[in-house]
Amino acid sequence: MSYAQSCLLDTKPPRPIQDTFQEINRDIQRIRKDLTETDEIIRQTFQDQEQLIVNYQDRQKTQALLQNAQSNERAKIMKQLEVQENSLQTSTETLMKQRSELLDRLRECSNAINILMTKVLDTELANWHRGQQLLGNGVIYTGYTLDDIQDWCEALADFIWQNRLQIKRMQITCTNYSPNQYLTDSLYNLMDANTAMLNRLVKNTFVIEKQPPQVMKTNTRFTATVRLLVGCKLNLHLTPPNVSVHIISEHQAALLSNVADNSLSFIQNESAAGEILNNVGIMEYHAATTHLSVHFRNMQLKKIKRTEKKGTESVMDEKFALFFNSRFTISQEFGDMPVRIPCCVQTFSLPVVVIVHGNQEPHAHATITWDNAFAEQRRTSFIVPDKVPFYRVGEVLSQKFIANVGKGLSQDNLRFLAAKALRTNNVPDLNVLITWSQFSKEPLPDRSFTFWEWFYSILKITKEHLRPLWNDNLIHGFISRTETANILSQSSMGTFLLRFSDSEPGGLTVAWKGKSPEDNTMGCFMLQPFNAKDLG
């Protein structure tokens, strides 16, 4: 285990994934049971009210009889009328109590649905989004799959519709007999809350299943897949909606986060940050998986509009995003009262850096690596901290090696990298802060390249040419010339080690203990670094 990984163990461990899975499924079973019981109570209340209406009509008939009755019959009819009125009063009071209890029950069901939805969307789906971002740095996501989350979201969609139908039936029931203003207002408020829950569920479940490349080259084909997790439950597969894609700047992304349903007009008025070919697709229903999604197979970025750069900013520091959006109407039939809810959904890709030349790729990957690693949830697009503890950077660098080569970095590797990045000969505390500028902007002392450019070139040559040697621990790699000399001085003649060059990015140096051909003295010698061309 690396030092950085051991540092992370000090944090509170996450709850076991199986516990959360069972907890959510228990919530689903409980809400389903409560809604079923509520259906039965509404049905019984409706029957009781129908009987009450019949009894009310009987009382009306008795009153009519009383008006036309002979004097010798009036006492009997008045007694009958008194019994009917007492019965009606008792039944009405019982009905009012049933309605009040039913209102409380509808509120409880609505609250339970909302709590479960918060758990699924704000925790599990948010974790999935974060896992997708970390995957860009090579971290394997081990949380719930998108199919798991879709199952929960579809259950939520069913619950919201069932709750909506129950509220509607209660509204009709209360209108038919003895309307109550408080009850009427409360049911309208519940219906508004239900509509808000439905909108929240739909908008949050419009997700990018397969992200576009985060380092994007102009005039190069790329793909992406967008999915609406509750699309089939809303019957949208019967009339699949279009989805359009635009590339937007960081500034536009921040603005779009606040304009919600006006996104389409905003794009037209503000104008996108570039031009994408084949940027409109139609969602398709896949019966085998019950997915409603659109796969953009042949998108291509033709143009890009860049903002004016300040100071040391470069085009590789500038972040964009792909903006996916769609409009459709949610339709549902409630007896003879159809419901139509217009909806606009939108989502952003992970940040994208646009390049035009291959030599811009290393710096672009630095920007994306830093963003993927240190972005906070619910941030303003696309703000990241300017400095972080080095142990967090070390964890990212180690994960890069795990993902690309196989074996991660040791504690000694991380200490060496920390000293190099922080421009010091002393081994620093790995909690010391490193800035973005030290990581990727400022050249190393007496060098023409940055720390990231040096590290990136080593990662590249190791991945392409040295993978078996690295994974078999045959490359010392991250070690200084001084430490190399110290190790070899205590070794037997002919001992050698392989280290990464300090002076040539992506260079591998062979150092050995031998005798000088000139004066026959023992010492440490090093060959000119081998580069990728030499090893190819």
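A disulfide is a pair of cysteine sulfur atoms within 2.5 Å.

**Figure 1. Cysteines C232 and C153 in the predicted model.** The sulfur of C232 lies 13 Å from its closest cysteine sulfur, that of C153, which is too far for a bond. By this rule the disulfide count is zero. C232 is buried at 15% relative accessibility, where buried means under 20% relative accessible area, exposed over 50% and partly exposed in between (1.4 Å probe, protein chains only). C524 is partly exposed, at 30%. The model is predicted, so local features need pLDDT of at least 70 and side-chain atom pairs count only at pLDDT 80 or more, while totals for chains, interfaces and linings use all residues. Residues are numbered from 1 along each chain as its sequence is written, and side-chain values use heavy atoms, with hydrogens and water left out.

Figure 2. An automatic or database domain assignment divides the chain into domain 1 (17-205), domain 2 (211-359) and domain 3 (387-526). The C-alpha centres of domain 1 and domain 2 are 36 Å apart. Contact (heavy atoms within 4.5 Å) involves 21 residues of domain 1 and 25 residues of domain 2. The two domains bury about 2,200 Å² between them, 65% of it on carbon and sulfur atoms; buried area is the accessible area (1.4 Å probe) that two parts lose on being put together, summed over both. In domain 1, Q150, W161 and V202 lose the most area to domain 2, together 29% of what that side buries.

**Figure 3. The salt bridge between D158 and K233.** A salt bridge places a side-chain nitrogen of Lys or Arg within 4 Å of a carboxyl oxygen of Asp or Glu. Two salt bridges are counted between domain 1 and domain 2. In the pair D158 and K233, the closest N and O atoms are 3.0 Å apart. D158 belongs to helix 4, whereas K233 lies in the loop between strand 3 (221-228) and strand 4 (242-249), 75 residues apart. Helices (H or I, at least four residues) and strands (E, at least two) are DSSP runs, numbered from the N terminus. D158 is partly exposed at 35%, as is K233 at 32%.

**Figure 4. The salt bridge between R227 and E209.** The closest N and O atoms of R227 and E209 are 3.0 Å apart. R227 is in strand 3 and E209 in strand 1 (residues 206-210), 18 residues apart. R227 is buried, at 1% relative accessibility, whereas E209 is partly exposed, at 29%.
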